[in-house]
Amino acid sequence: MSATLRVWGRANSINVQKVLWALTEVGMPYERIDAGMAFGKNNTPEFKRMNPNGKVPVIEHGDFVLWESNAIVRYVARLEGKQGATRAGALLPRSPQAAATADQWMEYFSTTVWLNLRPVFWGMVRTPPAERDLAAIDAARRALGENLAVVDRALARQPYLAGDAFSMGDIPMALTAFRWFNMAIERPAMPNLERWYSQIVARAAFQKHCMSPLT
């Protein structure tokens, strides 16, 4: 497959950022089309033929269309070293056990962490101060802190979430950590999370796609 990979989605979306970061890590050329929120397009019949849910991101790779950000990250990881992706070994762990562990942390983000990150982020970043439900935000912040304490304990045993090397499993949680450390909220000390995060923010692809001001 030699067709250019096209990403539909706005650059400030946490889920679009996952995909852009992954693509850059594997050296895959792509083009991006703004869609969602202020940019619209995602509720048009044309877009809903690609994703009937009307959400971003969506990718087109030749005739192949895929939605759901973690599924896209896994797809990109499997392209390593082929179909235009110039780097191998950047995201997909080689051992079945490490790959499964990376999957585990991606699922933990989707099933648990996101449920608590979203109300904190929307409340603190996208809601005017006078309209914030501070009790609800604080409850979600406390729950998110408990979620991240699980991550902190895991990182006490190893440098990255799937083991000794950076992988696709680190991507969703790193984007969570960026929001956690950059919102005006109370945060308990988590030394292992902080150590891991300092390694993440040194990555050029993360700096390029994931460190813009929160909006």
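What covers the buried residues of helix α7 includes α1 (14-26), α5 (134-155), α6 (171-182) and α8 (204-210), where buried means under 20% relative accessible area, exposed over 50% and partly exposed in between, with a 1.4 Å probe and protein chains only. Please keep in mind that this is a predicted model, in which local features need pLDDT of at least 70, side-chain atom pairs count only at pLDDT 80 or more, and totals for chains, interfaces and linings use all residues. Residues are numbered from 1 along each chain as its sequence is written, and side-chain values use heavy atoms, with hydrogens and water left out. Helices (H or I, at least four residues) and strands (E, at least two) are DSSP runs, numbered from the N terminus.

In α7 itself, which spans residues 191-200, the buried residues are L193, W196, Y197 and I200. They lie on the same side of α7, because they cover an arc of only 100° around the axis, the arc being that of the directions from the helix axis to the C-beta atoms.

Let me turn to α5, the helix that holds R141. Is R141 buried or exposed? R141 is buried, at a relative accessible area of 8%, and, leaving aside neighbours within four places in sequence, R141 is in contact (heavy atoms within 4.5 Å) with V120, W180, I185 and E186.

Finally, the loops: P57, in the loop between α2 (45-50) and β3 (58-61), is joined to V56 by a cis peptide bond with omega about 5°. E68, found in the loop between β4 (64-67) and α3 (69-78), has a positive phi of about 80° although E68 is not a glycine.
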